[in-house]
Amino acid sequence: MWRITKRGEREFRHGQEAYGLAADQARFCEGFCPDVEDEWTADEERSCYNCRLRRWTVESFLCLGPA
Amino acid sequence: MKILVCIDDTDNLESRGTGDLATELAEEIEKRGWGRSLFVTRHQLLVHPDVPYTSHNSSMCFEADIESDYLQPLIEYASDYLKRESAPGSDPGLCVAVVELLDEPEALTAFGRRAKEEVLNKTLAYDLASQLGLHLSEHGGTGQGVVGALAGIGLRLGGNDGRLKGWLDIRTENGLATVGEILAQVSLQGVRTLDGEVLGAEEVIAVDDKPKAVMIGGGTYLMVSAVEKSDRVRWRTTPRKQLKRF
């Protein structure tokens with residue numbers, strides 16, 4: 001699900017369109033914290049794509065929350 | 001006179017979002033009797049390893065109609081406000097443009113489009129702002145937010161970019177409303193399909209939770225998508241995942 005970058009950050013392996021997987025990941029994530037609504041990109045409210053601890057990258061996003 | 005105000009890079013992972021600050025600035029203009037403010041739009045800029053940003057790299061812009069005497073007080077208020085309210089570690093920028101004084105609006109819209117595709121820098125932003133006579137200022141950190149603030153003005157001016165901050169509060173009957181009923185409740189130019197068709201007043205729309213509007217062709221529209229395999233309703237509000245390109 002995640003790859004570790006050269007800087008030791010966790011990057012989501014599945015890009016920016018894997019809505020089901022991003023929702024699955026967020027479902028049991030203790031670090032999930034919803035971003036402001038204007039920054040949501042998923043229709044599932046609880047999704048890594050809607051978390052304020054995600055940082056978008058060119059291909060995907062980094063998770064800045066607890067591993 | 002019509003002005004555009006845009007701010008960028010005011011937040012960090014723990015703070016309020018830039019959109020909230022833009023909304024407060026817009027409200028303050030009205031509270032002080034300086035003029036009337038319109039809606040805030042969010043403009044997505046380039047995500048790239050060489051561009052510093054908190055988590056998504058978007059700027060927030062709004063239009064206001066003010067008396068010319070209030071322009072300088074507004075700029076001073078907004079500058080102080082950003083210094084005071086921006087989050088630690090942020091790099092806030094402020095841009096204010098008087099639309100009727102813009103000689104080369106196309107240069108500004110071109111800068112906005114470039115900021116979605118290229119890595120731009122502060123020097124380019126300040127040079128263009130100076131050439132066009134815009135107010136552009138930085139209020140902490142590296143001040144890198146001036147790039148996004150200027151770009152956001154260009155994108156709002158171009159009228160073909162951005163989602164409106166917040167969502168539309170639309171009353172429905174069993175989740176359905178006609179275009180006419182929707183337009184009677186919210187201030188929009190129309191209801192439009194992703195293919196560009198503007199729907200007539202009798203069309204029935206299935207309205208999902210927290211529907212959002214976008215800017216296209218200088219207007220604001222609720223976007224709808226075709227419903228497959230349904231005899232009852234042809235259209236539903238466009239899912240968020242399909243709106244992210246705006």
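Start with chain A and follow it along the sequence: the pattern is β-β-α-β-β, from one helix and four strands. Helices here are DSSP runs (H or I, at least four residues), strands likewise (E, at least two), both numbered from the N terminus. This is a predicted model, where local features need pLDDT of at least 70 and side-chain atom pairs count only at pLDDT 80 or more, while totals for chains, interfaces and linings use all residues. Residues are numbered from 1 along each chain, chains are lettered from A, and side-chain values use heavy atoms, leaving out hydrogens and water.

Still on chain A, show the C-alpha atoms: they fill a box of roughly 30 × 20 × 20 Å along the principal axes. Buried residues (under 20% relative accessible area; exposed is over 50%, partly exposed in between, with a 1.4 Å probe and protein chains only) make up 52% of its 67 residues.

Now hop to chain B and select B:D9, in the loop between strand 1 (2–8) and helix 1 (18–31). Its phi is positive, about 60 degrees, though B:D9 is not a glycine. Most residues other than glycine have a negative phi. B:D9 counts as buried, at 9% relative accessibility.

Next, pick B:N57, between strand 2 (35–44) and strand 3 (58–66) of chain B. B:N57 is another non-glycine with a positive phi, about 55 degrees, and at 10% relative accessibility B:N57 counts as buried.

Last stop: B:E100, in the loop between strand 4 (93–98) and helix 3 (105–114) of chain B. Buried or exposed? B:E100 is exposed, because its relative accessible area is 58%.
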